[in-house]
Amino acid sequence: MAIVDLVMPKMGESIMEATVLKWHKKPGDKVKMDETILEIATDKVDSEVPSTAAGTITEILFKENDVVPVGTIIAKIDAAGVSAHVAPAATTVPQAPAPKPQPQVASQPAATGSASGNRFYSPLVLNIAGKEGIDMAELGRIPGTGNEGRVTKKDILDYVANRNNGTHNQQPVVQQSQPVAQQTAPSVPVSGNVEIIEMDRMRKLIAEHMVRSKATSPHVTSFTEADVTNLVRWRDKVKFEFEKKYGEKITYTPIFIEAIVNCIKNHPLINSSLDGDRIIVKKDINIGMATALPSGNLIVPVIKNAATKNLLGLTKDVNMLASNARNNKLKADDTQGGTFTLTNVGTFGSLMGTPIINQPQVAILAVGSIKKRPVVIETKDGDVIAIRHMMYLSMSYDHRIVDGSLGASFLTAVAKELEAFDAAREI
């Protein structure tokens, strides 16, 4: 037989494992080249794994819900098409036993924890660290036995076991630091006319991620409003010509992102993360844009290196990522590496919101719906009342790093940037 190994694919620089969601094939089934064999999940992105050969599935090495490192053989295909024989495990490349299913959380983009600033931690390791009360500074001191010195599941579990054996009274502190909703949530009595809906996997990830964020960062939210009349009129004037010229529909989102990027350049601390007692200021500006899925769940694809792109480039990225999110075509790397997040709560009619920070970022900005309102305008001839397009902006920020003065200054700068939009701008 010509046995071909199907391995867990690498889906991004910081993605080191994935969860098997569903097998579409079983041993003995025939497969075609590039035919979907299974579905996997990393963080909040579900992906399909295609066959790398045509033939017959002879062996499946992991069960559904198993967490599997990338590069691990997950199935074997007889490329000669012989299905009567299933290769025994002893004649194949030795495999580690399938890991037990691990509780998943919406993981943070891989944080750096080494002096070199280039040490990556898998979502599973970050999950264990969070539950055990290990911050990024302490995590950075754990010796790693994995590839390129990475901390493996065994490394962190051994560290936790040794730490707990050495200090028996640490357990209560660890329990208090766990930001897991289930540990203190009382059971809700069920009676009367009710419907019980089980959370899907993504909703569980979102719930745990939100609870973890609130437990990690002291949130403060500031508000302001902006007169975006020039911006609205410009878009209304050019949107058809823009689409005809570039083949892209221009929405407000890339315009908002452009303004945010310009203001981050003057307020670099907004584009940072906290690692223990160290503030890591990110030089690359990667803007996450919260996107609602048809299921009602939320995902945050990331526009990488947004500061290097003009309005057309931002428009293309926004449209592509939004389309891929709605059609479940995002890659795992599309949601990694964000340094600041924009959420448009006005999409569904909200005037404003108090968004929750997307860890490990330190701020998230929400824009509300644009409404026509009578507004007092100062002119050289005195005050006048005019109908203007007005919009509220709100920003939640981590008060450990961002003080009220910086948060309010940045938010005001974004509002002024939008108000100063050039209505005569050429496309």
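A polar contact, as I use the term here, is a pair of N or O atoms within 3.5 Å; within protein, one must be able to donate a hydrogen and the other to accept it. I keep in mind that this is a predicted model.

**Entry: the whole chain**

I started with an overview and found 10 helices and 19 strands in the protein chain. Of its 427 residues, 46% count as buried. I then looked up contacts between residues at least 6 apart in sequence, and 65% of them join residues at least 24 apart. The protein chain exposes about 21400 Å², with carbon and sulfur atoms supplying 53% of that area.

**Entry: a sheet of four**

Next I traced an open sheet of 4 strands, which runs in the order β1-β8-β6-β3 with antiparallel pairing. Its edge strands are β1 (3-7) and β3 (30-31), and each pairs on one side only. I followed β1 to its partner β8 (residues 73-78) and counted 5 bridges in the antiparallel sense. Across that pairing, Asp 5 stands opposite Lys 76 in β8.

**Entry: Gln 361**

Which loop holds Gln 361? I found Gln 361 between β16 (340-344) and β17 (363-367). Its relative accessible area is 3%, and the cut-off for buried is under 20%, so Gln 361 counts as buried.

What does its side chain reach? I noted the backbone oxygen of Gly 338 at 3.3 Å from the side chain of Gln 361, and the limit for a polar contact is 3.5 Å. Leaving out residues up to four places away in sequence, Gln 361 touches Ser 272, Ser 273, Gly 338, Thr 339, Phe 340 and Thr 341.

How values were computed: Residues are numbered from 1 along each chain as its sequence is written. This is a predicted model: local features need pLDDT of at least 70, side-chain atom pairs count only at pLDDT 80 or more; totals for chains, interfaces and linings use all residues. Side-chain values use heavy atoms; hydrogens and water are left out. Two strands pair if DSSP finds at least two bridges between them. Helices (H or I, at least four residues) and strands (E, at least two) are DSSP runs, numbered from the N terminus. Buried means under 20% relative accessible area, exposed over 50%, partly exposed in between (1.4 Å probe, protein chains only). Contact means heavy atoms within 4.5 Å. Accessible areas come from the Shrake-Rupley method with a 1.4 Å probe; for residues, only the protein chains shown count as cover.
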